[in-house]
Amino acid sequence: MKKTLNVIKIGGNVIDNSEKLHQFLLDFTALPGDKILIHGGGKIATELATSLGVEAKMVEGRRITDIETLRIVTMVYAGLINKNMVAQLQAKGCNAVGLTGADGNIIKAVKRPVKDIDYGYVGDLDEASVSVETLDSLLRAGLVPVICAITHDGQSQLLNTNADTIASAVAVAMAKRYDTALIYCFEKRGVMRDVEDDRSLVAEIRMDEFDALKAEGVVSGGMIPKLHNAFEAIKSGVSAVYIGKADELLQINGSSFGTRLIK
Ligand SMILES: Nc1ncnc2c1ncn2[C@@H]1O[C@H](COP(=O)(O)OP(=O)(O)O)[C@@H](O)[C@H]1O
Ligand SMILES: CC(=O)N[C@@H](CCC(=O)OP(=O)(O)O)C(=O)O
C-alpha cells in the first residue's frame, strides 16, 4: 500500500496576516504524516512593487513579470516569506526546509510562450517538471519541504510561477509514489455560492459543474485558475482535492473540510 502525503497550498491573504499565519503553521505542524507546503504571497509582492513604483499587472490570475517584477517576487517569495515561514515552522518543532524550484532542481519550468500576451518571466509546468526523486528523498530524511512560487528553466533563468499551479503539479507528480491529497487553504470556508455569505459553502463540485459555476458568476477572479488546477490534479491521479479555510485544516481527517472536488 502507498504511504499517504498531504500537499498543502497556503493562500496570500493568510500569509499577509501574522496571527492567522501563526495559527495555520501550528496546525500544519500538528498534521500527522508526510507533508509538503507550497506558498506564494502575491498580496505582499503587489504591496512592495507598488511602494517601489513598479506597477503590478495581473491577467487571468497570472502576474505579468518583467525583469524588475521578477527581482521583487524573488525577494518576497524566495526570501522574506519562505525564510520567515521556515523559521516559524522550526520554532514549532517542524523540520522544514525552504526551497525554490531551482534548489535541488525540484521544479524546472518553461518560460510561457508569447501569444496574445507577453507574460514575461513566467514559468509553465507539467508533471514532468517536478523531481519526485529529490522530494521523496527529503521526505524520507524526515524533512518537510516548503516550496515557494519561484522556479527555474535550467539555464540560469528564475521564473515566477503561480503557486496554485505548483501545488497541483507537485501533487500530480508525487501521486505516482504516494496516496496524495491536495489541499488548498485560504481565508474562506471553501467555494461559496455567495462570497459574502459564510453559510453558503458548496460542499462538493463535480468537474462537469465547473463551467456552469463560471457562467453563473458564482466563481470569479483567482478562484477560476484555482479550480482549474484543482480539477487537473483530480483528473491526473491525486486521490482527493479540497479547497477550504486555513484555520479549519485539522478537520481534514475528520468529518468535513471545505469544498471537495469530484471527478
Ligand atoms: N465562489 C467563490 N468562493 C470563494 N472565493 C471566491 C469565489 N469566487 C471568487 N473568489 C475569490 O477567490 C479568491 C481566492 O483566489 P486567490 O486570491 O487566487 O487565492 P489565494 O488566496 O489562495 O492565493 C478569494 O479571496 C475570493 O475573493
Ligand atoms: C505567475 C504568477 O502569477 N505568479 C504568482 C505567484 C505567487 C502566488 O501565486 O501567490 P498567491 O498564492 O498568494 O496568489 C504571483 O506573482 O502573483
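Predicted model: local features only at pLDDT ≥ 70, side-chain atom pairs only at ≥ 80, totals over all residues.
1. Surroundings of ligand 2. There are 16 residues around ligand 2, and Lys9, Arg63, Tyr77, Asn160 and Ala163 come nearest. By class, the shell around ligand 2 consists of five nonpolar, eight polar and three charged residues.

2. Gly12 takes part through its backbone, with an N or O atom lying 3.3 Å from an oxygen atom of ligand 2. The protein buries 90% of the 430 Å² that ligand 2 exposes when taken alone. As to its location, ligand 2 sits in the largest pocket.

3. Surroundings of ligand 1. Here the shell has 17 residues, of which Glu187, Met192, Val218, Ser220 and Lys226 come nearest to ligand 1. Seven residues of the shell around ligand 1 are nonpolar, six are polar and four are charged.

4. Polar contacts and cover of ligand 1. A polar side-chain atom of Lys226 is found 2.6 Å from an oxygen atom of ligand 1. A nitrogen atom of ligand 1 lies 2.8 Å from a polar backbone atom of Val218. A polar backbone atom of Gly12 is 3.4 Å from an oxygen atom of ligand 1. Of the 570 Å² of accessible area that ligand 1 has on its own, the protein covers 79%. Ligand 1 sits in the largest pocket. Helix H1 (12-15) and helix H8 (223-235) are the elements that give two or more residues to the shell around ligand 1.

5. Gly12 and the two ligands. The backbone of Gly12 deserves a separate remark. One polar backbone atom of Gly12 is 3.4 Å from an oxygen atom of ligand 1, and a backbone N or O atom of Gly12 is 3.3 Å from an oxygen atom of ligand 2.

6. Thr69. This residue is found in helix H4, which spans residues 67-91. The side chain of Thr69 makes a polar contact of 2.6 Å with the side chain of Asp66. Is Thr69 buried or exposed? Thr69 counts as buried because its relative accessible area is 5%, under the 20% limit for that class.

7. Thr180. Strand E11 contains Thr180. With a relative accessible area of 0%, Thr180 is buried. The C-alpha atom of Thr180 is separated by 13 Å from that of Ala230, and the two residues are 50 residues apart along the chain.

8. Backbone of Glu60. Glu60 has a phi near 50°, a positive value in a residue other than glycine. Most residues other than glycine have a negative phi. Glu60 is placed in the loop between strand E3 (58-59) and strand E4 (62-63). Because its relative accessible area is 68%, Glu60 is classed as exposed, the limit for that class being over 50%.

9. Backbone of Ser156. The phi of Ser156 is likewise positive, at about 75°, although Ser156 is not a glycine. Ser156 lies in the loop between strand E9 (150-152) and strand E10 (158-160). The relative accessible area of Ser156 is 75%, and the residue is therefore exposed.

10. Tyr121. The loop between strand E6 (110-111) and strand E7 (123-124) holds Tyr121. Tyr121 counts as partly exposed because its relative accessibility is 24%, which falls between the limits of 20% and 50%. A distance of 40 Å separates the C-alpha atoms of Tyr121 and Arg199, which are 78 residues apart along the chain.

11. Asp198. Where does Asp198 lie? Asp198 is in the loop between strand E11 (178-186) and strand E12 (204-206). With a relative accessible area of 47%, Asp198 is partly exposed. The C-alpha atoms of Asp198 and Ala215 are separated by 22 Å, and these residues are 17 residues apart along the chain.

Notes
Residues numbered from 1 in each chain as written. Chains lettered and ligands numbered in written order. Heavy atoms only, no water. Near = heavy atom within 4 Å. Polar contact = N/O pair within 3.5 Å; in protein donor to acceptor, adjacent residues only side chain to side chain. Areas by Shrake-Rupley, 256 points an atom, 1.4 Å probe, with all protein chains shown as cover. 1 Å grid on protein atoms, 1.4 Å probe; cavity = no way out; pocket = protein on both sides within 12 Å on 5 of 7 lines; lining within 4 Å. Sits in = over half its atoms within 2 Å of the grid points. Helix = DSSP H or I, 4+ residues; strand = E, 2+ residues; numbered from the N terminus. Nonpolar A, V, L, I, M, F, W, Y, C, P; charged D, E, K, R; others polar. Buried < 20%, exposed > 50% of the residue type's maximum accessible area, 1.4 Å probe, protein only.
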